[in-house]
Structure formats: C-alpha cells, structure tokens
Amino acid sequence: MKREPESPAADPAEEVSGLIATLLETGRRLEELTSGEVDAVVDAEGRTFVLARAQEHLRHREAATQAAILDALPARVALLDHRGLIISVNDAWRRSGTPTVVQGPGHAVGVNYLEICDGAWNETSSEVYRIAEGLRSVLAGGAPSFSIEYSYPSPTPGWFLLTATPLADDGRHGAVVMHMDITDQRRDKDDLRESERRFRDLLANVDLVSLMLDREGRITYGNDYLLRLTGWRREEVIGQGWFDLFVPPGGTAMRDVFAALLADLPSASHHESEILTRSGGERLIQWHNTVLRSAAGEVIGTASIGEDITERKRAQQHRADMDGRHRGLLAAAPDAMVVVNEAGRIVLLNVRAERLFGYRPDELVGQRVTNIIPEGIADRLGDRLGSEEDARAQQMRAGIELQGRRKDGRAFSVDIMLSPLESAEGMLVTAAIRDITRRD
Amino acid sequence: MSRRVMFKFRLYVAGDAPNSAQARANLDEICRSYLPDWHDIEIVDVLREPKRALDDRVLMTPTLVKLSPSPSRRIVGTLSQTEPVLQALGLEASAA
C-alpha cells in the first residue's frame, strides 16, 4: 500500500530539520545512558545502531586503511566519479609530477579527466582519443573494463599500461583509473622479438636445412635453403605432409625417428636420411632434431636442422673404395711396402714389410717411420707430399739407398722408392723397400 | 575458590570502535594479571555477526560475558575501572 505523507501540508525542509534534531538527541541520550562507554546498541529486533563517535572512528579507520593500501601501490591510481572528475588519487599519482604526458597521471583532484583527454586530441597521438573513448564506455556501464598500452615521449621515452575498472558492476558510480609503468617489460619484449628476428634471419641465410613440423608431420616452416635444395616453392610445401612430399617410398626410418621425437626419446636427436627433390633426385641429409613445446610444455611439433652431406658421403665412399684397392695392391706387391701419413706415422704395411723389419703383424701400424728407417726419410717425405706435379715427376726416378733397422736393432741397407698416394686420410706416401744387403 | 578453574569470557565488540578496542585491551590486561593461563576469550564482532548479539540478548557493545565459572555475569563498557570489574567477575577474593 502506498504510504501517504503524514502531514502533506508541512514544509519538507522543516520535517528534515526535525528528524535530524531527533537523531542527534537520540544519539546524545544514548551516549549519556551508557556513560560514553558504548559503541553500538541493538534493540529487541536486532537493529544495530552505531553511536556517532564510534561511527566517525570506524569511517575514518576504513578510509585510512584504503588510502594506505592505495598509497603502497607503485601504480598511479585515481578515482573518477561518473562524470570523469578526479575525486581522489594515491601517493604515486601525486608524486608523478608534471602533467606533461597529457594522457598520463599528474592531474589534480577536481579536474575532469575526460576533458583533459579531449583537449589533448590535437597535440598527441590517437592513443588519447582511444583512452577517452574507453573511459566513457566504462563510465557509461558499457564495458566491464578497459585497458591500453601507451607510450610517452618525455622526460625519457617509456610505456604505461592504463586500466579503467568500474567502481560497482557498472560505471555509474565512477571508475578506478590505474597507470602502470611497463617500460621495462616492453623493453624485454622488444629485445626478445629482436632476438627471434635475428635467429630467423640466421636460419634463413645459412646453408643448412631448417624445418619445422607439427604433430601430424605437416610442414609449418621450411627455410629458403630447403626450397633451393629440393626445387619446391614455399606455398607448395607449407601445410603439406613432409613424409608425402620429401621422404622416398619405403623411407620408414624417418617416420620412426619422427615418432620417437614426439615421444621425447633422446635417441631421435640425430639421424641421417635421404630426402626427395621435386625432380625425383635424392639428397642425403644429416639431421639434428629437437621438439617444439607449447607454453604449457606439451610437445606440439619438431624442429630440425639438416646438413646436406650427399657430396661428402660420395667422396668418402670413393676414398674407401680406393683404400680397398690399395690394400689389394700392397698384398700383391713383390717388395716390402709401407704407407706413411703426413705426420710421418705408418698407417698401412704389407706382410713382407713386417717380416723384413722383424715385427709381428700390425705391431708397426701407428709407429713413426723413423723407427725402421732412422735417417734420411723424414725430409724426403716432405718432398713427396709437396705439389702433386713434383711428386709425379719424381716417382719414376730410381730409389734411394738408406739404412733400415730391424726390431732387434740390427741395421741393413735398403733401397727405397717413394710415391704419393691420395686417400681418405689425405695425402700419403708409399715406400717400396727392398733389402739390398745381398747385393753387397 | 581454586585458581585452577578455567575462566571463559565472551566479549562483544563493534569492530575496532574506540570503546570496543579499549574493552579488549583492558580484558587482556586483567586476564594477564589475574588469570594467567586460566582464561579463554572469544571475541564477537556484532557488526559482522549481529545475530549472535541478538541471540545472547546483548543490547550494547562492548559487553563482556563471563560464561564460566558460574554464576555467569555481564559487564557493559570499557572495563577501565579495574576494582569494580574484578568484583563483578568474582576475582577480587582470589586476587594476589
């Protein structure tokens, strides 16, 4: 039922005045009754009435606590009313000094923050406009909150994060505006971005394959070198299955490595495998693999760096074939044969040589050649290892006579013929040694 | 009366309003001086728990209720006047 005013004819101002007088008298009487020793009274219905002095104290205490909390914050905080007027600011805001950063802190209580932003529209960037828009939206109850990162040019360039949050569920009671200095975080982020960019440039420019796959084996990244090597264009490979395009039919080893990598097995970190070029050719790649993880630590794919070792492998194979032939020739040779490397150590010899110098099989391999020919050979080895042209010119010349030394120390005359030999270990010298003692 | 009896108190306060804070400090001091180790104090903030005040028919805060040993007693105010308080709590006779 709608309540009728008790005395419609009475002046409302008079009535208010009367009620206040009653309230004050009630408080005074309660204080008197309780000798000033009571803070609150409760009636039989449970209605609590806090006496004036206690009320004042509690209110003051609450405000002091909140101010202390706000003042302890390093961020610059201001309280705006629903119109955008600055009602209260914390210590950091007060200390932030000059309002030269027009959109930033430094403005005093009583100033309208929205008007400052509007007024600054001509002199700074569009950030100010966006700040004003965002604040208006929060104060009108349209946005639950608003935040923006903005730069300031002086006194030293830096960055702030501004956040505006409504005081109640909507902005009609005002909002809290907070400016946080995020210059250091921004700088760290920029540094990280720059470092990532350099790393990407490095991957793009080295003569190494760089490849990233997702968990399904689809290509998420491939550098220019991979494309040059295989003849594909980037748009033709990104998003495609690596194993469909690049792995020769039957190339199960690479699939196994990929599965092992995703399972985080360390054994999968290095391997060699052949990949297909667009024209159907094959290249042998030596891979170094690692897994890519999400921020949560989950394996989300793989990253690999690969070196094209096709030519190197071919050369190695060629040399190995040559070495095999050399061994055959050595065994069939009528003379004692000793093969010496650039360091003057014996790398290979035949049975005749072992017998001639009185050593057991393989005893001489790794020993210095001077152990069996003490003098006159070391300097000649250098000659033979000189230019190939010189070597070839000399190899047909007659042998040289030197003293050989057996294991038991006995010396004997030998005729030695030196010739160069290209092998997997680099240039070697073959010495054909003939015992000439019997000639004497 | 043996001093080994545990004294149980319940103090009703209105947050940390001045009289309530004073009562709390005075009760602590009394207990420390007269009942070291033989007291137990429960604080009830009527601003947070108005129903408890109503249930216990506490109409003014601060109010101290001595729950045990019997007889139970109530004292309203800051507990600043030590002698009457000790008397009311039945502690005077056993005071040192």
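In this predicted model, Asp16(B) and Arg61(A) meet in a salt bridge, with their closest N and O atoms 2.9 Å apart. Side chains of opposite charge can pair when their charged atoms come close. Across the interface of chain B and chain A, one salt bridge is found. Polar contacts also join the two chains, and the count for these is ten residue pairs. On the side of chain B that touches chain A, the elements that give two or more residues are helix 1 (18-34), helix 2 (50-55) and strand 3 (60-61) of chain B. Helix 1 of chain B provides the largest share, three residues. Sorted by class, this side of chain B holds twelve nonpolar, five polar and one charged residues.

The contact between the chains can also be described by residues and by area. In total, 18 residues of chain B are in contact with 19 residues of chain A. About 1,400 Å² is buried between the two chains, and carbon and sulfur atoms give 57% of that area. Strands take part as well: strand 1 of chain A, residues 40-42, pairs with strand 3 of chain B in the antiparallel sense over two bridges. Here Val41(A) has Met60(B) as its bridge partner.

Within chain B, Asp45(B) is worth a look. This residue belongs to strand 2 of chain B, which covers residues 39-45. With a relative accessible area of 14%, Asp45(B) is buried. A polar atom of the Asp45(B) side chain lies 2.9 Å from the backbone nitrogen of Leu47(B). Beyond its neighbours within four places in sequence, Asp45(B) is in contact with Val13(B), Ala14(B) and Gly15(B).

Asp81(A) pairs with Arg83(A), the closest N and O atoms being 2.5 Å apart. Asp81(A) is buried, at 9% relative accessibility, whereas Arg83(A) is partly exposed, at 47%. Another salt bridge links Arg193(A) and Asp190(A), at 3.6 Å from N to O. These two are separated by about one helical turn, because they stand three residues apart in helix 6 (residues 183-205) of chain A. Asp190(A) is partly exposed, with a relative accessible area of 36%.

Arg233(A) forms a salt bridge with Glu236(A), with the closest N and O atoms 3.6 Å apart, and Arg233(A) is partly exposed at 48% relative accessible area. Finally, a network of salt bridges links Glu25(A), Arg28(A), Arg29(A) and Glu32(A).

Key: Residues are numbered from 1 along each chain as its sequence is written. Chains are lettered from A and ligands numbered from 1 in the order in which they are written. This is a predicted model: local features need pLDDT of at least 70, side-chain atom pairs count only at pLDDT 80 or more; totals for chains, interfaces and linings use all residues. Side-chain values use heavy atoms; hydrogens and water are left out. Contact means heavy atoms within 4.5 Å. Buried area is the accessible area (1.4 Å probe) that two parts lose on being put together, summed over both. A salt bridge is a side-chain nitrogen of Lys or Arg within 4 Å of a carboxyl oxygen of Asp or Glu. A polar contact is a pair of N or O atoms within 3.5 Å; within protein, one must be able to donate a hydrogen and the other to accept it, and residues adjacent in sequence count only if both atoms are side-chain atoms. Helices (H or I, at least four residues) and strands (E, at least two) are DSSP runs, numbered from the N terminus. Ala, Val, Leu, Ile, Met, Phe, Trp, Tyr, Cys and Pro count as nonpolar, Asp, Glu, Lys and Arg as charged, and the others, Gly among them, as polar. Two strands pair if DSSP finds at least two bridges between them. Buried means under 20% relative accessible area, exposed over 50%, partly exposed in between (1.4 Å probe, protein chains only).
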